[in-house]
There are 2 protein chains.
Amino acid sequence: MRERVTVLAGGVGGAKLVLGLADVVPHECLTVIGNTGDDVVRHGLWVSPDLDILTYTLADVIDTEKGWGYREETFRVLETLRALGEETWMNLGDRDLATHLFRTERRAAGMRATEIAGELARRLHVRVSLLPPTDDDVQTRVKTPLGWLNFQEFYIRERCRPDVEEVAFAGAAKASATPEAVAAIEAATRLVFAPSNPIASIGPILAVPGIRAAIQRCRGRRIAVAPLIGGACLKGPTLKMMAAQGFAPDLGGVAAFYRGLVDEFWIDPRDTSWKEALEREGLQVRLADLLLNTREQKTALARHLCALEK
Amino acid sequence: MRERVTVLAGGVGGAKLVLGLADVVPHECLTVIGNTGDDVVRHGLWVSPDLDILTYTLADVIDTEKGWGYREETFRVLETLRALGEETWMNLGDRDLATHLFRTERRAAGMRATEIAGELARRLHVRVSLLPPTDDDVQTRVKTPLGWLNFQEFYIRERCRPDVEEVAFAGAAKASATPEAVAAIEAATRLVFAPSNPIASIGPILAVPGIRAAIQRCRGRRIAVAPLIGGACLKGPTLKMMAAQGFAPDLGGVAAFYRGLVDEFWIDPRDTSWKEALEREGLQVRLADLLLNTREQKTALARHLCALEK
């Protein structure tokens with residue numbers, strides 16, 4: 001049987017795994033459902049940071065050093081906005097702004113977020129299917145001593161420094177999963193949860209009504225890749241967001257987060273000591289090198305995940 | 001009595017005279033009512049070409065060679081939009097786009113066009129008062145063999161080549177002049193019609209209900225500066241637009257356009273032969289060098305207009 005791989009992913013961490021999968025899975029058999037919970041309107045433009053990272057990665061235009069945005073980017077528009085006295089804490093490059101203009105114009109014209117993401121990907125010659133989980137607005141909100149912030153305000157403007165008291169997904173109750181996202185989850189022979197921040201990247205996808213039920217209906221292998229290596233998070237506020245949501249800030253907490261949703265839990269050999277405890281939770285635990293810095297590491301993990309290794 | 005000078009102006013031609021006036025009139029005594037009939041939405045952004053030329057000119061950031069846009073401009077966003085397959089016939093530069101983002105975000109938030117224009121000018125350290133004639137949308141439409149075009153489509157995309165069958169100002173019937181524009185016209189000791197295209201630049205201002213009546217109530221000197229030198233138009237489709245609207249494509253036609261609105265009509269010495277005929281129409285005709293290429297020529301004409309010469 002031909003594999004149909006569907007990945008639920010956030011931005012930087014998700015893109016690393018997706019790039020590996022795109023090396024080993026025929027592109028028409030690969031679907032990525034990208035987090036849109038940290039979408040934000042800046043300077044009147046609709047910015048979709050995680051979908052953009054995924055799109056730029058697959059289009060091979062991404063700045064691999066920064067992990068986001070176009071390569072060889074300039075910031076002339078933003079510099080001029082700053083000169084006009086505007087707040088420019090979100091570093092939107094000139095080439096990147098073309099994406100946001102493209103998206104915003106179509107949103108204003110009533111085009112579905114799903115169609116816009118697909119059209120953008122096609123225009124950038126990406127053949128992997130890139131989908132938001134919903135066409136509705138579901139916004140990740142982070143409660144801090146400064147008040148409720150949207151995710152970009154917390155992550156970029158405040159540099160993740162404030163304590164996290166609570167995380168919520170505004171709009172989730174009224175949202176619904178798209179038929180495309182539901183179909184991609186149900187039809188997957190492998191459903192992979194990327195090593196992204198469970199709360200901030202996977203959480204907003206799971207918060208969309210219809211997504212969890214589709215995951216339950218999926219008959220393929222459902223695999224979570226741990227976002228921690230050696231107990232630590234490589235990037236971002238994963239641990240403190242997990243703690244705020246009542247999960248232990250360790251692999252046990254990640255396993256609890258994915259309880260009932262996955263069949264396999266992939267962890268790094270550095271975390272072998274966790275294996276037994278996780279298996280007691282009923283998870284099949286697999287060991288694989290989860291460090292995804294080089295293309296070889298990404299491709300190797302993807303081959304493992306798809307059971308392509310001999 | 002202190003002079004209060006109000007100028008009705010289009011883009012390039014208007015900006016030349018306005019720059020001269022700003023050299024000789026205290027900035028707090030100078031008001032420019034700029035044409036907004038060729039405003040256009042491109043890539044989802046509200047572009048106001050004439051107001052921008054006037055603002056950039058007074059802010060001394062304009063590309064004087066092109067006559068529009070910022071100096072030392074780049075076009076990275078537009079190049080990227082083109083690579084995405086978008087139509088990019090309107091040359092919007094990166095720095096320029098900051099203006100359009102600034103404007104569009106505030107329009108969407110419900111801010112008046114008058115306030116936005118004022119705020120943009122202030123941010124660019126312009127102290128001359130820059131006003132649209134109306135906060136409503138009044139769009140210049142040009143009927144051609146290709147159908148009805150908005151002015152930028154006719155002017156830029158089609159390079160003024162199509163025959164002009166008719167000109168209309170869509171939305172004018174439902175529009176109203178702002179209190180600020182009406183007050184600036186009524187209070188003017190000198191009300192100057194810049195040497196702009198009468199149909200495309202001055203016409204949309206006059207089409208706004210309330211503007212003509214304010215001009216009638218103005219007790220100052222009302223002066224039209226001819227947009228033709230030696231019978232020819234220096235730039236743009238003035239003559240064929242005049243003909244399409246039933247005006248002779250010459251100084252007689254311009255005088256007919258301004259009939260009842262002005263007391264003085266300023267023409268270039270190269271057009272002295274017109275003087276007698278124009279005076280028979282009841283106009284006071286004044287002769288002055290109307291070539292406004294150098295700063296000296298601009299300032300000299302401004303001094304003449306304000307009767308500052310000894």
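Q: What makes the seven strands of chain A an open sheet, and which strands are its edges?
A: The strand order is β5-β2-β1-β9-β10-β13-β14 in chain A, with parallel pairing. Strands are DSSP runs of E with at least two residues, helices are runs of H or I with at least four, and both are numbered from the N terminus. Two strands pair if DSSP finds at least two bridges between them. The edge strands are β5 (129–131) and β14 (284–287) of chain A, because each pairs on one side only. Neighbouring strands are turned by 20° against each other on average, direction ignored.

The model is predicted: local features need pLDDT of at least 70, side-chain atom pairs count only at pLDDT 80 or more, and totals for chains, interfaces and linings use all residues. Residues are numbered from 1 along each chain as its sequence is written, while chains are lettered from A and ligands numbered from 1 in the order in which they are written.

Q: How do you know that β13 (residues 264–267) of chain A pairs with β14(A)?
A: Four bridges join them. The rule asks for at least two, so they pair. The two strands run parallel. A:Trp266 stands opposite A:Arg286 in β14(A).

Q: Why is α1(A) called roughly perpendicular to α13(A)?
A: The axes of α1 (residues 12–24) and α13 (residues 295–305) of chain A come within 7 Å and cross at roughly 70°. Axes are lines fitted to C-alpha atoms, for helices over the stretch in contact, and angles run from 0 to 180 degrees between N-to-C directions. Under 35 degrees is roughly parallel, over 145 roughly antiparallel, 65 to 115 roughly perpendicular, and the rest oblique. So α1(A) is roughly perpendicular to α13(A).

Q: Which residues of α1(A) meet α13(A)?
A: Among them are A:Leu17, A:Leu21 and A:Val24. Their partners in α13(A) include A:Leu301 and A:Ala302. Residues are in contact if their C-beta atoms, placed from the backbone, lie within 7 Å.

Q: How do you know that chains A and B are related as by a two-fold rotation axis?
A: Chain B can be laid on chain A by a turn of 180° and a shift of 0.0 Å along the axis, with an RMSD of 0.0 Å. The copies are thus related as by a two-fold axis. Superposition is by least squares on the C-alpha atoms of residues with pLDDT of at least 70 in both. B:Asp94 comes closest to the axis among the residues of chain B, at 3.6 Å (C-alpha).

Q: Which helix gives the most to the side of chain B that touches chain A?
A: The contact takes 20 residues from each of chains B and A. α4(B) gives the most, with nine residues.

Conventions. Contact = placed C-beta atoms within 7 Å.
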